[in-house]
Every structure is written in structure tokens, then in C-alpha cells.
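Trainee: Could we go through this model together? I would like to know what stands behind the words we use for it.

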Amino acid sequence: MNSEVVEVQVRAVLPLEGSFAVFLGNLEKVFVIYVDETVGAAISMFMRGVNKERPLTHDLISHILLAFGAKVERVIINHMKGSVFHARLIITAENQLHNKKVVELDSRPSDSIALAVQQNAPIYVSADVWSAVEDMTETLEKIEKQGQEAKEAAAATEAAADDDDDDIEDISDAEIDAIANQSGIKPDSDSYDDGYGGMDDDDDEGEEWKKGG
């Protein structure tokens with residue numbers, strides 16, 4: 001591979017309204033390509049290693065290539081016109097006589113990226129495209145920061161819920177008796193399971209008391 005191309009990786013795949021944003025780049029720069037929902041979802045699943053009950057379109061293409069002894073060698077995003085990108089999909093095949101054949105196909109970048117991610121093939125960008133695309137590094141960093149903060153907030157909420165559950169489990173027998181007495185229920189020694197919450201009732205009001213007190 002010559003110096004006229006730059007190798008990139010898929011940094012993130014984010015769902016939008018009616019499309020997906022695929023962030024490509026390296027430590028120097030990150031840029032974004034917008035793809036349709038179907039391909040964006042496929043790229044995301046390939047990145048996360050999601051097991052699928054039935055093969056999707058790109059799975060089928062990969063299976064066909066494999067059946068003929070072929071594979072995706074690399075992808076080159078080689079042209080950009082406005083916001084539209086073009087790519088070349090390079091496929092290699094080797095027969096039983098060890099004769100190697102290289103095929104280069106015109107392809108949508110979205111399909112090429114999906115196949116490259118699925119087969120762990122490298123993705124390159126031509127120098128002309130690389131110099132022309134807008135650097136979205138800061139935007140991606142902000143999105144990743146917001147995502148991390150959202151995860152931490154969700155984790156804190158879950159931890160707080162667990163603490164509340166622990167508080168319930170720590171209620172003493174005396175407190176249970178007090179709650180029961182306030183509710184007009186007279187528990188006896190055979191009315192509890194593991195200390196509380198297992199009283200036998202025939203009405204809905206009693207069931208509600210067991211659930212939450």
C-alpha cells in the first residue's frame with residue numbers, strides 16, 4: 001500500500017433519525033459518513049459481534065465469497081463529491097492451484113465498510129479525500145463523553161435501587177409487627193417466610209401489603 005492512502009478504523013456508529021452516522025478515522029483525524037438504517041445497523045452488529053438467527057445481506061455476501069475461496073482484501077474510499085462518497089472493494093480469490101485473482105469493484109462505502117468490519121479487512125481513504133473531509137474529532141469526543149456520563153448516571157440509579165432493596169431486607173421483626181398492627185393485621189409465628197412478606201392472605205389488600213408494605 002502506497003503513501004497516497006491513509007488507513008482508518010470505524011470509531012463509532014451512532015443511530016440518527018432515519019440514518020446512521022459512521023465515524024471513521026485515526027489519531028490524526030475523524031470524519032463521518034451518513035448511511036441508511038439497514039447498513040448502519042449491520043455495521044453496528046458486526047462491530048459488537050451480535051449473533052443473528054438468520055444471515056443478513058452482508059452475511060450472505062460473505063458466505064458466497066467464502067464458498068468461492070474469496071475474501072475482502074481491503075476497502076478504499078477513493079472519491080468524494082459534496083457529501084457523497086465512493087469506494088472500491090478489493091476482493092481476492094485463490095483456487096486449488098494456488099492461482100490468485102484480484103478483483104476491484106465499485107461499491108457504496110457503507111456496503112464496503114460493513115463487509116470490511118465483518119471480515120476484519122483494512123479500510124483506507126485516499127489522500128485527496130482525507131485532506132478534504134472535515135475533522136469531527138471534537139464532536140465524537142463530546143458524544144462519547146455524554147454517553148459515558150449517561151452510563152454512569154444509569155449505574156448510579158441502579159445502585160440506588162439496590163440500596164433501597166437492601167433497606168427493605170433489613171427491616172426487623174419488630175418493625176414488621178408495627179406495620180402489620182397499623183394495617184389491622186395480626187401476624188403470628190406461622191405467617192412469615194424468611195421473617196417477613198410471606199403472610200397468607202385471601203384478599204388483594206393483603207397481597208399489596210406483602211409486596212411493599
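Mentor: Gladly; we will take the terms one by one and set each against its cut-off. Keep in mind that this is a predicted model.

Trainee: What is the order of the elements in the chain, from the N terminus on?

Mentor: The elements run β-β-β-α-α-β-β-β-α-β-α-α-α-α, with seven helices and seven strands in the chain.

Trainee: Why is strand 3 called largely enclosed?

Mentor: Buried means under 20% relative accessible area. Five of the seven residues of strand 3, residues 30–36, are buried, so the strand is largely enclosed by the rest of the structure. For the whole chain of 213 residues, the buried share is 32%.

Trainee: How do you know that strand 2 and strand 3 pair?

Mentor: Pairing takes at least two bridges. Strand 2 (residues 19–25) and strand 3 have seven bridges, in the antiparallel sense, so they meet the definition of a pair. With four residues between them, the two strands form a hairpin.

Trainee: Why is asparagine 120 called exposed?

Mentor: The cut-off for exposed is over 50% relative accessible area. Asparagine 120 has 72%, so it counts as exposed.

Trainee: Where does asparagine 120 lie, and what is its phi?

Mentor: Asparagine 120 is in the loop between helix 3 (109–119) and strand 7 (123–126). Its phi is positive, about 55°, although the residue is not a glycine.

Trainee: Which element supplies the largest share of the lining of the largest pocket?

Mentor: That is strand 3, with six residues. Strand 5 (84–94) and helix 3 also supply at least two residues each. The pocket holds about 290 Å³ of space. Among its 18 lining residues, Val32, Ile33, Tyr34, Ser83 and Phe85 are the closest to the centre.

Trainee: How much of the accessible surface of the chain belongs to carbon and sulfur atoms?

Mentor: Carbon and sulfur atoms account for 48% of about 14,100 Å².

Trainee: And what share of the contacts with a separation of 6 or more comes from residues 24 or more positions apart?

Mentor: Such residues account for 48% of those contacts in the chain.

Conventions
Residues are numbered from 1 along each chain as its sequence is written. This is a predicted model: local features need pLDDT of at least 70, side-chain atom pairs count only at pLDDT 80 or more; totals for chains, interfaces and linings use all residues. Side-chain values use heavy atoms; hydrogens and water are left out. Buried means under 20% relative accessible area, exposed over 50%, partly exposed in between (1.4 Å probe, protein chains only). Contact means heavy atoms within 4.5 Å. Accessible areas come from the Shrake-Rupley method with a 1.4 Å probe; for residues, only the protein chains shown count as cover. On a 1 Å grid over the protein atoms alone, a cavity is a set of points where a 1.4 Å probe fits but cannot get out, and a pocket is an open set with protein on both sides within 12 Å along at least five of seven lines; lining residues have an atom within 4 Å of a point. Grid points are joined across faces, edges and corners, and a volume is the space filled by probe spheres set on the points.
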